[in-house]
Amino acid sequence: MFGYAKNPDVGPLAGWPVHKNVEESLKIIRNVLSGAECYAVCEKENNVTIGAVELKLNKSDDRNHCNECELGDWLGKPFLGKGYMPEAAKEILRHGFDDLGMKIIWCGYFDGNTKSKRVQEKLGFLVSSYM
């Protein structure tokens, strides 16, 4: 992860700071990218991890929202614009609705992140930015 996350063109557009060292990336993997529905995005040809896609499940005790979650993703800069994220996100959305029984899945993007905006448009979301 550090190899991608140290690039200033990756993290800030996804809402997190540039990683300073491998230890910081390991901490993020352990504490942020360890959710029950967080998956590595890998190239099929060589099984190398190039990013992640996640359904951030609602951990609220509110039964009215237990079937809702947020779609999150990130991708290493060398792999942007190659169709990896729309493919991965389409599958995790299918999984969320069909296998997990979600009724609502939402997402957003940070200002300036035109790549995320475009992925969301391709998936059929009505898009708006977080900031």
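Which side chain meets that of Glu87 in a salt bridge? The partner is Lys44, and the N to O distance is 2.8 Å. Here a salt bridge is a side-chain nitrogen of Lys or Arg within 4 Å of a carboxyl oxygen of Asp or Glu. The pair links distant parts of the chain, 43 residues apart: Glu87 belongs to helix α4 (residues 84–99), whereas Lys44 sits in the loop between β1 (38–42) and β2 (49–57).

## Basis of the values

This is a predicted model, in which local features need pLDDT of at least 70 and side-chain atom pairs count only at pLDDT 80 or more, while totals for chains, interfaces and linings use all residues. Residues are numbered from 1 along each chain as its sequence is written, and side-chain values use heavy atoms, with hydrogens and water left out.

## Overall architecture

The chain contains five helices and four strands. Read from the N terminus, the order of these elements is α-α-α-β-β-β-α-β-α. Helices (H or I, at least four residues) and strands (E, at least two) are DSSP runs, numbered from the N terminus.

Along the principal axes, the C-alpha atoms fill a box of roughly 40 × 35 × 30 Å.

Of the 131 residues, 36% count as buried. Buried means under 20% relative accessible area, exposed over 50%, and partly exposed in between (1.4 Å probe, protein chains only). The accessible surface of the chain comes to about 8,200 Å², and 53% of that area belongs to carbon and sulfur atoms. Accessible areas come from the Shrake-Rupley method with a 1.4 Å probe; for residues, only the protein chains shown count as cover.

Contacts, defined by heavy atoms within 4.5 Å, also describe the fold. Among those between residues at least 6 apart in sequence, 46% join residues at least 24 apart.

## Charges and salt bridges

The chain has 17 positive and 18 negative charges, and their mean positions are 4 Å apart. Lys and Arg count as positive and Asp and Glu as negative, without His and the chain ends. The place of a charge is taken as NZ of Lys, CZ of Arg, CG of Asp or CD of Glu.

The structure holds six salt bridges.

| Pair | N to O distance |
|---|---|
| Glu87 and Lys44 | 2.8 Å |
| Asp99 and Arg94 | 3.2 Å |
| Arg118 and Glu121 | 3.5 Å |

Asp99 is partly exposed at 47%, as is Arg94 at 34%. Glu91, Arg94, Asp98 and Asp99 are linked in a network of salt bridges.

Arg118 and Glu121 are three residues apart in helix α5 (residues 114–122), so about one helical turn separates them. Arg118 is partly exposed, with a relative accessible area of 44%, and Glu121 is partly exposed at 34%.

Glu68, in strand β3 (residues 68–75), is buried yet has no salt bridge. The nearest side chain of opposite charge is that of Lys103, 11 Å away. Leaving aside residues up to four places away in sequence, Glu68 touches Asn58, Met102, Ile104 and Trp106.

## Selected loop residues

Val10 lies in the loop between α1 (2–5) and α2 (11–14) and is buried, with a relative accessible area of 7%. Not counting residues up to four places away in sequence, Val10 touches Tyr4, Trp16, Trp74, Leu75 and Lys77. Val10 and Thr49 are 39 residues apart in sequence, and their C-alpha atoms are 15 Å apart in space.

Val32 is placed in the loop between α3 (22–31) and β1. Val32 is partly exposed, with a relative accessible area of 47%, and touches Lys27 and Glu54 when residues up to four places away in sequence are not counted.

Asn47 lies in the loop between β1 and β2 and is exposed, with a relative accessible area of 60%. The phi angle of Asn47 is near 60°, a positive value in a residue other than glycine.
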